[in-house]
Number of protein chains: 2
Amino acid sequence: MRDLAELLELGDEEHPPSERKLQILTVACRLFATKGFDGASMRDIAEECGISKATLYHHFPDKNAILRLVSMGTTKSIYLHIAAHDNPALPPMDRLKVFMVETARFFEKFRWAWLASAAMFWNDPQVRRRKQRLEWRDKYEAVLRDILRAAVENGDMREDLDIALAGRLVSSATNWLTRWYSPGGPLTAVQIVEQFHDMIVGGFQKPR
Amino acid sequence: MRDLAELLELGDEEHPPSERKLQILTVACRLFATKGFDGASMRDIAEECGISKATLYHHFPDKNAILRLVSMGTTKSIYLHIAAHDNPALPPMDRLKVFMVETARFFEKFRWAWLASAAMFWNDPQVRRRKQRLEWRDKYEAVLRDILRAAVENGDMREDLDIALAGRLVSSATNWLTRWYSPGGPLTAVQIVEQFHDMIVGGFQKPR
């Protein structure tokens with residue numbers, strides 16, 4: 001749950017958030033992800049936490065406040081995570097692998113928060129906050145396009161490819177993973193995207 | 001709206017479904033897709049159709065009945081559409097292109113129905129119906145794996161690739177498209193997947 005505190009930038013080392021608050025956020029993410037945002041009520045969250053509704057309302061005024069915190073935190077943190085791992089000195093195709101692998105690693109670590117926040121991406125009624133969230137997402141996608149541009153300039157990537165669409169293909173592989181992947185299968189999310197990277201870079205076709 | 005009747009196998013040439021029923025289904029799909037299933041009420045559907053709630057309830061007992069009809073119809077029809085266009089006599093990589101292009105064409109034609117039904121894929125409480133729907137989806141995916149297997153046997157595709165994961169990559173490209181694509185952009189959905197096919201088959205890497 002410390003991880004979640006870091007993800008959502010709650011408190012700091014001197015003033016950590018309460019365990020109760022982190023428990024509520026953890027439980028709420030799992031319920032939003034499994035039952036849907038509309039399907040999970042404040043009552044469900046309180047019951048799962050083993051607390052009264054009054055205690056829950058003491059921490060959060062409503063479901064929206066919980067989901068807003070989670071979705072903004074996730075979108076910002078995935079960018080910061082990628083930016084911290086991207087190394088422009090590496091060959092571009094290796095940078096692409098780091099980008100894909102670290103996205104999968106982030107997803108594995110914060111799976112419930114990610115799945116919960118994916119549900120509301122476009123639904124936040126407050127325009128300023130939605131705009132802010134889109135800015136973080138744009139920064140994340142800009143890293144990807146920057147990598148692909150470097151690959152073309154480097155002569156590693158076919159220059160007939162549309163950079164924006166190539167980025168969409170990479171994002172499709174990692175984004176759709178979050179819909180079908182469930183832990184406990186033969187491959188981890190990281191192992192899966194390593195293979196996706198190999199397929200996307202090398203292509204299906206046998207070299208002639 | 002005739003297309004929708006065909007999609008959902010409503011009536012036949014001699015006994016076509018009523019225009020009213022088709023109007024309700026069309027409006028409901030658009031509302032489910034844009035406002036979410038939970039966000040769209042029977043009242044909303046009736047108002048958009050310009051009919052009374054009594055008239056709406058005469059055609060459908062509840063929202064679930066509408067969505068069930070749409071989601072089963074979409075899942076079955078995409079398989080039938082693909083099966084009708086797949087030609088095992090073609091070279092496998094061309095079959096793969098047909099598979100991807102016809103999936104995109106189907107999506108463009110039945111965009112609202114597809115988006116509406118994507119929302120409830122896992123949520124149908126009735127086990128028998130969910131199982132039936134999964135069977136149609138499995139048949140659709142089996143065509144894709146059959147194509148990829150033929151490509152390996154033919155010597156067109158690298159045999160070190162995992163067929164199931166390669167299929168996931170192809171599905172990711174077409175499935176994620178349904179999340180970000182909106183009509184009216186510079187490229188149609190079909191043009192986009194044609195480029196995806198080129199990228200997936202040839203790879204990003206410049207041939208050396």
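I started at the interface of chain B and chain A, where the rule finds 16 residue pairs in polar contact, both residues at pLDDT 80 or more. For this, a polar contact is a pair of N or O atoms within 3.5 Å; within protein, one must be able to donate a hydrogen and the other to accept it, and residues adjacent in sequence count only if both atoms are side-chain atoms.

A note on ground rules: this is a predicted model, where local features need pLDDT of at least 70, side-chain atom pairs count only at pLDDT 80 or more, and totals for chains, interfaces and linings use all residues. Residues are numbered from 1 along each chain as its sequence is written, chains are lettered from A and ligands numbered from 1 in the order in which they are written, and side-chain values use heavy atoms, with hydrogens and water left out.

Next I looked up which elements of chain B touch chain A. Helix 6 (92-109), helix 9 (163-180) and helix 10 of chain B each supply at least two residues of that side; helices are DSSP runs (H or I, at least four residues), numbered from the N terminus. Helix 9 of chain B gives the most, with 11 residues. By class, I noted 20 nonpolar, 7 polar and 11 charged residues on this side of chain B. Here Ala, Val, Leu, Ile, Met, Phe, Trp, Tyr, Cys and Pro count as nonpolar, Asp, Glu, Lys and Arg as charged, and the others, Gly among them, as polar.

Then the salt bridges (a side-chain nitrogen of Lys or Arg within 4 Å of a carboxyl oxygen of Asp or Glu). The rule finds 4 of them across the interface of chain B and chain A. I also looked up the salt bridge between the side chains of A:Arg158 and B:Asp198, at 2.8 Å, N to O.

On to area: chain B and chain A bury about 3,800 Å² between them, 62% of it on carbon and sulfur atoms. That is the accessible area (1.4 Å probe) that two parts lose on being put together, summed over both. B:Arg158, B:Trp176 and B:Phe204 supply 22% of the area that chain B buries against chain A, more than any other three residues.

Last, chain A itself: I found 10 helices and 0 strands, and its C-alpha trace spans about 65 × 35 × 35 Å along its principal axes.
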